[in-house]
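Below are my notes as numbered points, to be read with the structure open beside them.

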Amino acid sequence: SRSSCGYARAVGDLLAGGLFSLAAMEEVAPVALRVPATSDGWRAWNCFRTLCDHHAQLSCALELSVDKTSDKELERWLAEPVRSVILPPSAFLLNRSGYPVLPKKAKALLEKLFRHQVQVIICEPATSAGEHEGLLPRQSYVAQLFQALPPLSQADRFAYTHKDTLQAPLQPLADNLESETYELFETDPVKYARY
């Protein structure tokens, strides 16, 4: 709509004008667009960030819900700059014991997004009908998911510092490389095997 286009252009102008440059020094994304984790939400996000000229300080706050979103549509969000995940009360289902849990697809996406250092925002339900339906059981559940993550492999720990960074390809046979570079090749099993 025209109002959302005008809003996106205004945010883009503020970002381009350096209004948030102080926050950029702190590596905090000051502007996050709240979008649902659906294909319509992704289209809205894509349009908004395009109108903001794909500014690096723009991110999204992804709102999970219980719906029929496909795995492919959810996986798309892993390539986006998601800084926050919003879990409204409607995102949770009650298990057989009456405790709030996330549906399988939402749980799998959240576990993958944990690796991207997202913030999780849990919205408190308006009313608590049962003893397990308040904010605390939801917080405990999300904390348990985070704590149950398997540790990073050696290759993942090594690659973590270089995530989302473009690098020039190395030419070990054509260039005279330092010994440290060869040590890096040895830590990457795929590159080392191909070398």
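How accessible is R43: buried, partly exposed or exposed? R43 counts as partly exposed, because its relative accessibility is 47%; here buried means under 20% relative accessible area, exposed means over 50%, and partly exposed is in between, with a 1.4 Å probe and protein chains only.

1. **Ground rules.** Please keep in mind that this is a predicted model, where local features need pLDDT of at least 70, side-chain atom pairs count only at pLDDT 80 or more, and totals for chains, interfaces and linings use all residues. Residues are numbered from 1 along each chain as its sequence is written, and side-chain values use heavy atoms, with hydrogens and water left out.

2. **Overall make-up.** The protein has nine helices and six strands, taken as DSSP runs numbered from the N terminus (helices H or I, at least four residues; strands E, at least two). Of its 195 residues, 30% are buried. The accessible surface is about 13100 Å², and carbon and sulfur atoms hold 54% of that; areas come from the Shrake-Rupley method with a 1.4 Å probe, and for residues only the protein chains shown count as cover. Among contacts (heavy atoms within 4.5 Å) with a separation of 6 or more, 65% join residues 24 or more positions apart.

3. **The core.** In soluble globular proteins, nonpolar side chains tend to be buried together. The largest nonpolar core has 34 residues, and L62, W77, L87 and L102 touch the most other members. Such a core is a set of buried Ala, Val, Leu, Ile, Met, Phe, Trp, Tyr and Cys residues joined through side-chain atoms within 4.5 Å. Elements giving two or more residues to this core include β1 (31–36), α3 (39–51), β3 (82–87) and α5 (104–114), and α5 gives the most, with five residues.

4. Side chains of opposite charge can pair when their charged atoms come close. The count is four salt bridges, each defined as a side-chain nitrogen of Lys or Arg within 4 Å of a carboxyl oxygen of Asp or Glu. In one of them, D40 meets R43 at 2.3 Å, N to O. The two are three residues apart in helix α3, so about one helical turn separates them. D40 counts as exposed, at 52% relative accessibility.

5. **A buried pair.** E80 forms a salt bridge with R49, with the closest N and O atoms 2.4 Å apart. Because E80 lies in the loop between α4 (71–75) and β3, and R49 in helix α3, the pair ties together parts 31 residues apart in sequence. Both E80 and R49 are buried.

6. **From α5 to α4.** K112 and E75 form another salt bridge, their closest N and O atoms being 2.5 Å apart. K112 lies in helix α5 and E75 in helix α4, so this pair ties together parts 37 residues apart in sequence. K112 is partly exposed at 37% relative accessibility, and E75 is partly exposed at 39%.

7. **The loop at T38.** T38 sits in the loop between β1 and α3 and is buried, with a relative accessible area of 18%. Not counting residues up to four places away in sequence, T38 touches D67, T69 and W77.
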